[in-house]
Structure formats: structure tokens, C-alpha cells
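Please keep the sequence and the structure in view while reading.

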Amino acid sequence: MHKLFLLLFSLLLSQDIFCQELNLRSYVSLGEQYLGKPWEALSMTSFARYRTDGNRVEYEGQVFARRRQLASLVIAEVAEQKGRFMPSILAGIDSMLAEKWWGIPAHYKHDTPRDDDQTVDLFNAESASLLAWTGKALGERLDAARPGMTATIGRELKRRMLTPALGTRYWWKKASMNWNPWICSNWLTCAYLYEDDATKRQQAVTEIEGCLRAFIDGYPDDGGCDEGTGYWDRAAASLFECLRLLDIMKKEGLANVTLTDYKKEKVARMGAYIYNMYIGNGYCVTFADTHENRSVVQLNVLYPFAIYLNDPQMRSLAAYIAKEKNFWQEPARLYEKSGNFPALGRELLLLSLTDQLKQEQPSEPTTTAWYPDLQVKTFRSPLNKKSAGKKGLFCAYKGGHNGENHNHNDVGSFIVYADGEPLLIDCGTGEYTDKTFSKERYTIWTMQTAYHNAPLINGYSQREGKLYAAAVMEESDNSLTLELASAYPEDAAAASWQRTITMDGEEIRLTEDINLKTLKAASRLIFITPVKPDVSRPGQIKLGRHTISYPIGWMTAGVEDISDKIDPAIEAMWGKHLYRIGLGLNSGKIVGKATLKIK
């Protein structure tokens, strides 16, 4: 067994104090939910739906449920060590090995899975890693129950993951977005745990290092994740997993490794992004695609990454999450939500670090940040900073361009949280379909300017593409001015549209400095909120206890209930109701300046 795995289990299998502090029974209870449960067959009709009606979540849900079942049983057996879960685990492995391909239809060129096409996608790779950790965690007991089982796992990992990953020129190998490190972290896991051919193992390491260099080099120098906080745990955090494994392989003499010290300061900034985007009360900033707004920060990768970087703020945030989420009594609750299905390898690493985690001092970050490459800035009112985000106002404002990874046409949009709860929001994205990553992406409402807190200039929305971008005009501690005109098509006839956001004590000021070439149609300021607005009094928009004040002479407010657009993914974030406020600029002026106040 590899030295890493001996390290992972040395504390868990001993009677050290961390085992007494952590309620391992929580993992056992999770596994008991699946004891003796049948392994539901995957539906090829569901697989084919992606090609017929664009639905991808039905089949994905079936795949993820099976992986969740196996990951839950394995961690329960690791925690209990009595063999009670082994029959169900063996049945799960058999069921998984019977699948022709482990990925999802959105990432596959065939209508049905085929043995002869082991395309390496995100979930083929993630499934391989789950099986690899399962084999190493339970290896001797698996072979005792079923002789040759670990050898079978090894052969399948080579056929389905190691061989096609090494031999194919996939697009993601040069990408600067999550696919690259996410897949590489699983590929490297399989190479470390199961590649016994030293030459092939070195080839895999060399190629993975090339992939990771491309990822790091293409990442913004400020360390910001243009895919948003929802993808940080599979972008920067997956990079960390790779770097850590490479470092271990180097120390164990398993490969010639050159990357572990590559651009360390940049990697540290990539890690810090997650706490700089932390709002308070469990919330994180949500720009671009995201399906979650509160459980974005995964403890089982955040804390190991914090240790790797020796970042005090990351360490304290991890301790806070552990305390707030009752990790010590109910660790399985976090584990089962640590991805599309539980991240077994990450959890095993966390279990080896719980004695250190217990000693950390928990605190929520109250940082503010300016990311000049992403053009994202965060603000906190004095009360918000003092209360760790639970009172007062928090604001995040973005510029950037409309060719970003997981882009929405949202240059110049901003969000506001008041007293630790969402006031003005970025909706994120709904359930993925065939349209989400196609040429029809911007027909989806959540991707459109008209459903972000951004202007519609002369009735026009922004256009997609890197050329449609903001320019930073002025930035200071409590203020940011962006020129937004170039994010819109020429037909919008905007000579200039500068938006300034200023945090002034316990008040946010939003200033629109407008210079239109001509007047074509009414321009509007859009605000999206989960709080039912009251616009009955001119000059004021009441949002619960908070108010947006606007100049009566310039603007007229209207409200549209857009709750009928909500799907399950959006409802999980914001609830059953969403509203779109439109402030129409009705003065007829083509040049002018207006200031709104949020308090």
C-alpha cells in the first residue's frame, strides 16, 4: 500500500484524540441508509434524452445517485471496520464495472455508451477516482471477500482512465478552466494508486504537468476564478490536489516531478480567492454559473488546501465552517454534499487532518478585495465588517468581459446582501441542458443582461464575446467606476455609460453617468431580488426593511414577478419567488448623471 494511504489511515485506525472528538457514527449512519439497497440500473432511454429533448439531468441524476450510494457505503465501512457493509460495496463495484462508460451524455459523441469509446470527461474521471480510492481503502478486505477484486479494479482503471487519458489529445489539456485540473486530479490519483508501470506513470506525470502549466498560465494573475465561486473547488482546489500528489510522488521517488514550486505566489492567490468572495452567514459571491450560494465552500478540500498554503484566513474559515455546520457531530452531512456525489478521496485526507483542524480558531473572513484582472471588487459597510457579514451591507461589483468561462452577459452587474441575507442577486444558472454550452446559450434567460443588475441601454442588451468588455476608470478603497459602453453593441448608441458604486458608511451609492449618441428607446436599470418589492411610493423601492432611493424626475419604477421562470436549481438557491425591478429612464435626456442610494 502506498505511503500516502498509510498516512491517511494511521490516525483513523488508532485511538488518537481526534477519533474521540469526531463522531464516526455519523458516517456509519449514512451508509446504513444504503445497506442492502438495490443498485438501480441506468436507463439508456434517459441517456438518449440529451439528444432528443436536451434533458441531461435525468441520466446524470441516476449516475450520481449510484456513485453517492457507493461513496456512502465505503466511508461507513472505513469508519466502522466490521465488514458489515462489504456485501453492498461489492455489489456496487460489480454494478459500476458493468456500466459501459462512466461519463454523461452531454460529454459523449454517441447516443449510447460503448465499450470501445472510453472518452475521458469530468465524471468518467471522477468515477475512476472514486473506484481507485475504494480499492485502496478496502483492498485486503475486498480480495478476502472476492479474490482478485483489486486486480480487476486496476485493469478497469487502466482501460477506462489511464490509457485513454495518456493517449488522446483532449481539448481540456490546454484549458484554463475547471475541466483541466478537475480531470487531472482524478487522472493523477489513478496513476499514483494503480499505475505499476514506472514508464507509463512517468509519462502520465509529465503530461499532467504540461496540462497544469497551461491551466496556471492561463489563469488570471490576480488569482480570481472567472467561473465563479461555484467552480473554485474544481478549479483552484483541484489544482491543489494535483500539486500535493505530485509533491508526494516526488518524495516517494515514484516520478520525476518539476511543477510543485511553479508560480507559488499565484497559486496562493488562487486559494485566497474563496475567502475573499465570502460574504457572511454562509454565503459566497455568485457571479457566472453556479448552482449553490451557501455550501460553495467544501470543507474537505478547503482545509487541506489551507494547510498546504499555510494561509491563516483559510484555516480559520475552515474551522468556522466545521463549527457552524456541526462537523464534529455530523461529519457525514458535509461529506454527502461535497460534490455531485461525495468526494471520498478528499474526505479521507480531511480525516487525517482533524487533529489539526480541532486546534484552529474559527472565524469568518471580513476581507474586501479588488481583482484587477477579473475587475471584481467587494465592499463592506463598517457594521458589516464588524459583525462578520451578519449585519449591515455587503456589495460585490463586476466588470470583466463577456468571453469569460461560464460567462453571462453581465458586465457591470453587482449584488447586495443586507444583514447577512440576499437583497439584490445574481440568479446563477438553472439546470444544465443541451442549450447551456451551445450556440443557443444566450437564449436562456439566466444568461441575459436583462436578468442581471445591469443597464439596458437604449433597449439593448450586451453581446457575448471577449470584445464586449468594461474598462476601469477609477478604483479606490470604497469605490469603483467602470465604463460599460463597450459591453454593448454599436446599435445601443452609447458614447459612454459609466457606473460608479461607492460604499459610504452604511449606504451604497450607485451613480449612472450617461452620454448617449441618440435616443432610440427607453434605457432601463434592472434589479433582481428574492424580496417582494413595493414601488407604490415614487422615488423609493422598498425591499423589506431596506430601501432603494432613486431620482423621481429621471426614473419610473416597475416590477415583474419572474417566479414562473424558476426551476429546481434556482429554487434551491433563492426560494420560490424572484422579482425583476425595472427603473425606466424617462427624462428624454441623452446626457446626464443620476445617483441611487441603497440602505
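## A buried serine

Ser496 counts as buried, because its relative accessibility is 15% and buried means under 20% relative accessible area, with exposed over 50% and partly exposed in between (1.4 Å probe, protein chains only). This residue lies in strand β13 (residues 494-504); helices (H or I, at least four residues) and strands (E, at least two) are DSSP runs, numbered from the N terminus.

The side chains of Ser496 and Glu483 are joined by a polar contact of 2.6 Å. A polar contact is a pair of N or O atoms within 3.5 Å; within protein, one must be able to donate a hydrogen and the other to accept it, and residues adjacent in sequence count only if both atoms are side-chain atoms. Not counting residues up to four places away in sequence, Ser496 touches Glu483, Ala485, Asp513, Ile514 and Asn515, where contact means heavy atoms within 4.5 Å.

## Basis of the model

The model is predicted: local features need pLDDT of at least 70, side-chain atom pairs count only at pLDDT 80 or more, and totals for chains, interfaces and linings use all residues. Residues are numbered from 1 along each chain as its sequence is written, and side-chain values use heavy atoms, with hydrogens and water left out.

## Lysine 398 and its strand

Lys398 is placed in strand β5 (residues 393-398) and is buried, with a relative accessible area of 4%. Its side chain makes a polar contact of 3.2 Å with the side chain of Asp410. Leaving aside neighbours within four places in sequence, the contacts of Lys398 include Phe287, Gln375, Val411 and Leu482.

Strands β5 and β7 run antiparallel and are joined by 5 bridges; two strands pair if DSSP finds at least two bridges between them. Leu393 has Ala418 in β7 as its bridge partner.

In strand β7 (residues 414-418), 5 of the 5 residues are buried. Phe414, Val416 and Ala418 point one way from the strand, while Ile415 and Tyr417 point the other way. In a regular strand the side chains alternate between the two faces of the sheet.

β7 also runs antiparallel to strand β8 (residues 421-424), with 3 bridges between them. The bridge partner of Tyr417 in β8 is Pro422. The hairpin of β7 and β8 has 2 residues between the strands, and Asp419 takes a positive phi near 55 degrees there.

## An open sheet

Another group of strands forms an open sheet of 4 strands in the order β9-β15-β20-β19, with antiparallel pairing. β9 (455-456) and β19 (555-561) stand at the edges with a single partner strand each, so one side of each has no neighbour in the sheet. Within this sheet, β15 (residues 524-529) and β20 (residues 579-585) pair over 6 bridges, and Phe527 has Ile581 in β20 as its bridge partner.

## Nonpolar cores

A nonpolar core is a set of buried Ala, Val, Leu, Ile, Met, Phe, Trp, Tyr and Cys residues joined through side-chain atoms within 4.5 Å. The largest has 151 residues, of which Tyr27, Ile89, Trp187 and Leu357 touch the most other members. Apart from this core lies another of 43 residues, among them Leu393, Val411, Ile501 and Met555.
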